Structure formats: structure tokens, C-alpha cells
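Please read the following account alongside the sequence and the model. It takes up the protein interface, then the DNA strands, then the salt bridges.

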Number of protein chains: 2
Amino acid sequence: MSVSKTIPVAWQRAHDHGQCIAPAINAAARICESRGIRLTPLRRRVLELVWENHKPVGAYGLLDELKREHSSAAPPTIYRALDFLVEQGLVHRIQSLNAYVGCNDPGHSHKGMFLICNDCGDALEIEDKGVANTIDRFASRLGFLLTSQSVEAAGLCPGCQEA
Amino acid sequence: MSVSKTIPVAWQRAHDHGQCIAPAINAAARICESRGIRLTPLRRRVLELVWENHKPVGAYGLLDELKREHSSAAPPTIYRALDFLVEQGLVHRIQSLNAYVGCNDPGHSHKGMFLICNDCGDALEIEDKGVANTIDRFASRLGFLLTSQSVEAAGLCPGCQEA
DNA sequence: TATTGTTATGATATAATATAACAATATCCG
DNA sequence: CGGATATTGTTATATTATATCATAACAATA
Ligand SMILES: [Zn+2]
Ligand SMILES: [Zn+2]
Ligand SMILES: [Zn+2]
Ligand SMILES: [Zn+2]
């Protein structure tokens, strides 16, 4: 990864995809193994495709890629695989984009938060206790029983501000 | 509004729609007036329909209602009106539901947050500085330029937990 | 009042996203 | 094995959203 003087190091570190595909797949395999559920070839391949994109990617984008090597693939094929991966916390759905992105840190439940660049379309997953805790406090004060939360912020990433 | 012993008063207060339609429309009219933009009859009517639902409602739901009195209405009709209302902060879009709900407190920019009941479908808008500030801090630490944020939490409202 | 630029709406078509329903296989487990 | 369960195949359809071009209303001048 090249280094820019004008782009904050924090962002560069946080955002470095590096060689992340194989480790992500291996981690997913271990997680599924330990849970006694099946990361079938199809599900594994969809997870790889999600990671290969290195950006949030839509279900139909993934479907097009999958079709090249798996001619029987149809919308339900990809949605089933994605539903499985999301349920298992291996992939996150970005609500504001109708798109999916691999989870940086699967295996232990975390309340993620995303910074989404409106220009390059990239999304950075942030581990954040503060936001999640604040939401929890609000909810419990109101007697609301939380089951899920989605925090998405959009704007311009450091790289896209330079132009 | 009836009072329940088992439902927190905080929720009941926060969630009391009461007679909110006329004040909301009047506030919207004043805001548009002051901004020099036009709350046309069509836009006003769509805003009324949003409020009449008292819940997040989808574009096509609104369209069906609008068609009864406005036979020329088509998808672009409703989406244009909604885009206008959202841009002006009079209506919020709930990303996780693909639905729209009237803003409780339009006129001054606020970073809202929603508690969404998975059972009754209702959504409570919460004014919250804490969450917004935390997100702001994260973003600026990373050099990310924020333009919008969406915070949505789902679960069960007090009423729906009783059953 | 004409001219003209701008904004808003009408109208038709189509794109993009997501699910229903049922059949066919594959896997698991006694 | 044989029956139950889980996964995938297949077709059709539902739901949400936008593109495009034409027309109408409005606003700002001349
Ligand atoms: Zn994650
Ligand atoms: Zn960017
Ligand atoms: Zn609001
Ligand atoms: Zn409820």
C-alpha cells in the first residue's frame, strides 16, 4: 500500500484491505465448524466474491459474478447465501446502499458502524462501543427491547477529498 | 391516549402522536415560506398522507392513497414529492424499511435516530446529541468528511413486549 | 404583454432489488 | 438403508426506484 502525506494514517491503517480474502474465508470456515453449521461450497464462494470486491457490492452484482462459474445461479441462490452469511455475522448488509460487505472481525458479536464514501463507494467498518452503548441506554430508558442496530454515516473519505 | 401501567411513561410521552398532522403541515408551510421554496398542493398532500399513517409508510403505499384523489399519480409523482420533503428535512427515510415518516421536529437540522418495532412497525424518532457526536468524533479522527448519518435500531416496543 | 428561463408535473417505460412457491438433490442420523 | 432435514434448482412474481421526454405552471425580465 502506498502512503500519502495528506491522507490520515489512521484511515490508511483502518482501511487497508491487504491480503484479507484467504484469512477471512479461513476464519469463516472455523466459525461455521465450531457452530456446527455448513459453509457449503456455494456459500463459501459467495463469501469470497464479497471479499474480492473490496467494497460494498449489490446482490445482483454478486449474482453476475457467480453466474460466470455457476450457470444455475438465480436471484434466490445469491439471496439465500447472503442471508446465511449475514445471519452468521460473516457479512454485513449496508442498508443505505442495498449492498453487502465482508465483516472485518466476525466470530464475536459486535455492533458495527460504517463510514461510507459517496464518491468511491468504499465503506469502512468501525468497531465502536460508544455509539452502541448510547443506543442501548436510550432504548432501555424507554423500555424498548433492542435486537439489532444499524449505524451508517456517509460523506467523503480522505482520498476523495483530495480531488 | 390510554395509560398502561406496564408501558414506561417515557415511551408513552415520546410516542404520543396526538393531533399532530395540522401542526406539522403548518410548520412545514412556514419553513418552506422562510426558505423561499414551494410547498405545492401535491407536496403538501403527500406530507399529509405521510403523517396520516402515523407509521413509516412505503412509497407505493402512499401512491395508492394519493391515486384515489389524484388519478394521474405515478411512481415518479410520489418519489419526487418524497425527495423534496426529505431534502427539506420534513420527512425522514427509514433505510432499513424503505419507508418514510414525518419529522417530529423539522426546521432545525438534527441528527435523528429511530427505534423501530419489528412487530407493530412503528418508529420513534429520538433526538440524540450523544450518538451524533460520537460518530462525528470517529469521522474527524479518520479524516472522513461527514454529510449524513442514519442510525436505526430495531426490536420490540413496550406495547409489543406485553403480548 | 410578450419572451424566456426555471421549476414542477404528466405520462410511459424500464431498471433494480427482493421474495414466493414448489421441485429436485444432497446431507444427516437413527 | 430409509426417513427427516437442509440445501439447491427453477420459474414466476412482487416490490422498490429511476430514466426519459413532453407539458404545464411559475418567475423574472424586457
Ligand atoms: Zn463486522
Ligand atoms: Zn472515497
Ligand atoms: Zn426529524
Ligand atoms: Zn410495537
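In chain A, a polar side-chain atom of A:Ser72 lies 3.0 Å from a phosphate oxygen of DNA strand D. This is a predicted model, in which local features need pLDDT of at least 70 and side-chain atom pairs count only at pLDDT 80 or more, while totals for chains, interfaces and linings use all residues. Residues are numbered from 1 along each chain as its sequence is written, chains are lettered from A and ligands numbered from 1 in the order in which they are written, and side-chain values use heavy atoms, with hydrogens and water left out.

The contact between the protein chains comes next. Chain B places 40 residues in contact with 40 residues of chain A, contact meaning heavy atoms within 4.5 Å. The size of an interface is often given as the accessible area lost when the parts come together. Between chain B and chain A the buried area is about 2900 Å², and carbon and sulfur atoms give 69% of that area. Buried area here is the accessible area, taken with a 1.4 Å probe, that two parts lose on being put together, summed over both. Of the area that chain B buries against chain A, 23% is supplied by B:Phe138, B:Leu142 and B:Phe144, more than any other three residues.

How many salt bridges are there between chain B and chain A? The count is zero, where a salt bridge is a side-chain nitrogen of Lys or Arg within 4 Å of a carboxyl oxygen of Asp or Glu. Polar contacts between chain B and chain A number 10 residue pairs, both residues being at pLDDT 80 or more. A polar contact is a pair of N or O atoms within 3.5 Å; within protein, one must be able to donate a hydrogen and the other to accept it, and residues adjacent in sequence count only if both atoms are side-chain atoms.

On the side of chain B that touches chain A, two or more residues each come from α1 (9-15), β3 (112-117), β4 (123-127), α6 (129-141), β5 (145-156) and α7 (158-162) of chain B. Helices (H or I, at least four residues) and strands (E, at least two) are DSSP runs, numbered from the N terminus. With 12 residues, β5(B) gives the most to this side. By class, the side of chain B that touches chain A has 24 nonpolar, 12 polar and four charged residues. Ala, Val, Leu, Ile, Met, Phe, Trp, Tyr, Cys and Pro count as nonpolar, Asp, Glu, Lys and Arg as charged, and the others, Gly among them, as polar.

Strand β5 (residues 145-156) of chain A pairs with β5(B) in the antiparallel sense over 11 bridges; two strands pair if DSSP finds at least two bridges between them. In this pairing A:Leu156 stands opposite B:Leu145, and A:Ser150 stands opposite B:Glu152. Within chain A, strand β3 (residues 112-117) pairs with β5(A) in the parallel sense over four bridges, and A:Phe114 stands opposite A:Glu152 there.

Now to the DNA. DNA strand D is surrounded by 18 residues, the closest being A:Thr40, A:Arg80, B:Tyr60, B:Tyr79 and B:Arg93. A residue is near a strand if one of its heavy atoms lies within 4 Å of it. Of the atoms of DNA strand D within 4 Å of the protein, 50% belong to sugar or phosphate and the rest to bases. To the surface near DNA strand D, α5(B) gives the most, with four residues.

DNA strand C is likewise surrounded by 18 residues, and the closest are A:Tyr60, A:Arg93, B:Arg38, B:Thr40 and B:Arg80. Of its atoms within 4 Å of the protein, 53% belong to sugar or phosphate and the rest to bases. A polar side-chain atom of A:Tyr60 lies 2.4 Å from a base nitrogen of DNA strand C. The side chain of B:Arg80 has an N or O atom 2.6 Å from a base oxygen of DNA strand C. Here α5(A) gives the most to the surface, with four residues.

Over all chains the structure holds eight salt bridges. One of them joins A:Glu48 to A:Arg45, with the closest N and O atoms 2.7 Å apart. Both residues lie in helix α3 of chain A, three residues apart, about one turn of the helix.
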